[in-house]
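Hello,

Here is the structure I promised to pass on to you. Have a look at it first, and then read my notes below.

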Amino acid sequence: MSSEYVTSETNLPENYEDGEIQLQISDKNTKEIFSTQAKVSRDPEDLDDSEPLTVVRGPHENIEEQWYIEILETDTEPGGVDTAVLESVIGDLEEDSNIINTRSEDLKTLLEYLTRAGRYDSVSEASRSIMLEYIAENYPDLVEEYADLKVQAERDGLIMELRDEE
């Protein structure tokens, strides 16, 4: 690992000054994203073994502040996201149907009720909203990794398109 790291201000918990925190950071050189148990501070003197941490903030994350991090333990979250599997799934589903079928009378009944009660406009919207909310709450690392891969794929596609136009 390098000795320079990057994180978004949105990754910092409110109690970051209280000592040890769980934090998602990326290696500045390799761009590898991982979770760590760490201490962070704006002053390197507050930490026993400080390393540079760039904290990005702002609506476009284009404002950088120099902070410091003391990494206590890495990869602290069990069952982290297997990026290779996620990339494989993305590739496999690009040309596949995006229909999800649960084949559940009970679930269909409950979703239909939520639709008729005016909570959602359709059963499809209800199922999408509920599933996305659940996944976002219970698997935030998966959502973050998926978003990163999706943005990278779109960026790569745009670069290729612009190069083809030259």
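Let me start with Tyr16, which is buried because its relative accessible area is 15%; buried means under 20% relative accessible area, exposed over 50%, and partly exposed in between (1.4 Å probe, protein chains only). Before going further, please note that this is a predicted model, in which local features need pLDDT of at least 70 and side-chain atom pairs count only at pLDDT 80 or more, while totals for chains, interfaces and linings use all residues. Residues are numbered from 1 along each chain as its sequence is written, and side-chain values use heavy atoms, with hydrogens and water left out.

Which ring does Tyr16 pair with? The partner is Trp67: the two ring centres are 5.1 Å apart and the planes stand at 45°, so the pair is tilted. The rule is that rings of Phe, Tyr and Trp (its six-membered ring) pair if their centres lie within 6.5 Å, with planes under 30 degrees apart counted as stacked, over 60 as edge-to-face and the rest as tilted. By this rule there are two aromatic pairs. Trp67 is buried as well, given its relative accessible area of 2%. The pair joins distant parts of the chain, 51 residues apart, since Tyr16 sits in the loop between strand E1 (5-8) and E2 while Trp67 belongs to strand E5 (residues 63-74). Helices (H or I, at least four residues) and strands (E, at least two) are DSSP runs, numbered from the N terminus.

Strand E5 also holds Glu73, which at 47% relative accessibility is partly exposed. Setting aside neighbours within four places in sequence, Glu73 is in contact (heavy atoms within 4.5 Å) with Ser35, Thr36 and Gln37. Glu73 and Ser35 are 38 residues apart along the chain, and their C-alpha atoms are separated by 8.7 Å.

Now to the helices. How do H2 and H3 lie relative to each other? The axes of helix H2 (residues 105-116) and helix H3 (residues 123-138) come within 8 Å and cross at roughly 105°, and the two are therefore roughly perpendicular. Axes are lines fitted to C-alpha atoms, for helices over the stretch in contact, and angles run from 0 to 180 degrees between N-to-C directions; under 35 degrees counts as roughly parallel, over 145 as roughly antiparallel, 65 to 115 as roughly perpendicular and the rest as oblique. H2 contributes Lys108, Leu111, Glu112, Leu114 and Thr115 to the contact, and H3 contributes Val123, Ala126, Ser127 and Ile130. Tyr113 is also in H2, and at 57% relative accessibility Tyr113 is exposed.

Finally, helix H4 (residues 140-165) has 26 residues and should span 38 Å at 1.5 Å a residue, which agrees with the 38 Å between its end C-alpha atoms; the expected span is 1.5 Å times one less than the number of residues. Asp141, Glu145 and Leu149 are buried in H4, and the buried residues of H4 pack against strand E2 (21-27), strand E3 (33-41) and helix H1 (83-93). Val143, another residue found in H4, is partly exposed at 36% relative accessibility. Apart from neighbours within four places in sequence, Val143 is in contact with Ile135 and Ala136.

Best wishes
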